[in-house]
Amino acid sequence: GDWQVPEEGLLQFQFNLPTFMDSKDDVAKVFQKFSKTQKLKVGLKGLARIVELYKSLKDVRSKTLMIESMRRDLSFNFCQVKHLAAMDGELRLNILRRLLPETTEPSLRNILYDLVVWSTKGWSQELVENIRKEFKSLVFLNPEHTDGHYELNLEVNADRGCAQRCLVLARWAKVCRESMGLPDISEYGNYECLWHTRLSEKKFKLSSDNFQLPGSGVLSFDFVAPRLMLGKQEPTTDEELAGIEQVVKTSTCNVGDKLNALRLVAHLIVLRPMQLRQALEWFDRWPPKSEKTGQGGKTLKPRAELYILLYNRTTCHADVVSPFLLYNPDILHRDEVLEIRARLGWMHTFDLLGAHDPNTNLGNRHGPIDLGTFDGWTIVMLLVAIDQQEDSPNFDNGWWSEQAAFYERGFTFILPAAWVSEGPPHVGEFYTTFVSKEAEIKWEKRKDLARRYLNWTFDLINPARNRQ
């Protein structure tokens, strides 16, 4: 407490602010707490003074500077921003563009209704359309179910607001899982929900504890949230699911809009594996007769997108990642499964029980598995653990990139003893064909590994994977 800073030398330290989050908070509370730590919240009297000051400014330049100052230092609610925008037609779009993403609400979905109202109250249709297009990332962000792929231009304030919300929610999910002692099923072993993070196409490892959004560039990532608290929610009934199906099938909206609508209500849905399978069949099989485009002009695979959206809203993971559903060619095409695996990672898509089975996991030849990620390393570690539980060798025709020169000289892969005692290395790519003799398989031990390391849940009464 009384340490004096010396007059010479190099001082190094890391400063970490105490977290403002609590695992007992809900999403709205988390974002309100975050807003308070960043900016000054504007009350009714404060808004009145701001309006009076704004009206006293004589030119556009002064008003623009004030808008930018408010964006940096003040936190408004949605109604306050609408009031400010309504009093200045000339700078209305700029006010909305700069201040709406800085509101205390985690979601701006209400703007969909307000856009219709504004268009009937003298606001130009061009203005309304500009808002609709520019705020799409924030409008369709569901803070209670953030899963999906994001490509956000950090120079666009709406996209920047969406990125900031995703970081806050990722940090909250991390705090929850750590406090609950749940398995770490993240890409790099740090409980993060943001996978495959890239800034202007350059890959980097993100930590939501200390990452600050840069001023420019395109931030892309997959938000992969684990099943957090499904046990506290009532499963969706078949009647409720039938009602959703009817709306989806009778709607004249395009496929992308239907998926966006489902995204906004996904947090209210809890599905059994059979129900998820039925939901996937609401959309056409792949490949369709005519290709549809999704984000960034990429080909849209509706069933794959819906699976990714609702994957962590399902119970009995052992049945979801099995030939009953994910690896059922009548439900999902190989191309769709590959995209799902690329987006969700190995830990969320690997059927550990059927690691030896050619009818699941797109075959029992596995790879390339990136050992440099916790995601890939964990899968290989589990395969090694299974190998040690069974009498006959399970690894066949293995290939590790760090030993490629040996294989070119005619040597074959032999499981190193260090992989058993210390775990696989954290470098290189690995391939293997995994085989088992049926009589030697220890099913309960495989289930235990899946439960402990992959957070699997099981249907103990009537497993769907046995009804494929």
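Start by selecting Cys 316, which is buried at a relative accessible area of 13% (buried means under 20% relative accessible area, exposed over 50%, partly exposed in between, with a 1.4 Å probe and protein chains only). You'll find Cys 316 in the loop between α13 and α14 (317–320). Its phi is near 55°, a positive value in a residue other than glycine.

Before moving on, some housekeeping. This is a predicted model: local features need pLDDT of at least 70, side-chain atom pairs count only at pLDDT 80 or more, and totals for chains, interfaces and linings use all residues. Residues are numbered from 1 along each chain as its sequence is written, and side-chain values use heavy atoms, with hydrogens and water left out. Helices (H or I, at least four residues) and strands (E, at least two) are DSSP runs, numbered from the N terminus.

Next, pick Leu 362, in the loop between α15 (334–344) and β7. Here phi is positive too, near 60°, but Leu 362 counts as partly exposed, at 27% relative accessibility.

Now for two prolines. Select Trp 286 and Pro 287: the peptide bond from one to the other is cis, with omega near -5°. Then try Gly 367 and Pro 368, where the bond is also cis, with omega near 0°; Pro 368 lies in strand β7 (residues 365–370). As a rule, most peptide bonds are trans.

On to the aromatics. Show Phe 395 and Phe 430, an edge-to-face pair at 6.1 Å centre to centre, with 65° between the planes. (Rings of Phe, Tyr and Trp, the last by its six-membered ring, pair if their centres lie within 6.5 Å; planes under 30 degrees apart count as stacked, over 60 as edge-to-face and the rest as tilted.) Phe 395 sits in strand β8 (residues 395–400) and Phe 430 in strand β9, 35 residues apart.

Last stop: helix α19 (residues 443–454). Which residues of α19 are buried? They are Arg 446, Leu 449, Ala 450 and Leu 454. They cover an arc of only 100° around the axis, so they fall on the same side of α19 (the arc is that of the directions from the helix axis to the C-beta atoms). Among what covers them are α16 (374–389) and β9 (429–434), where contact means heavy atoms within 4.5 Å. Finish on Asn 455, which follows α19 and has a positive phi, near 60°.
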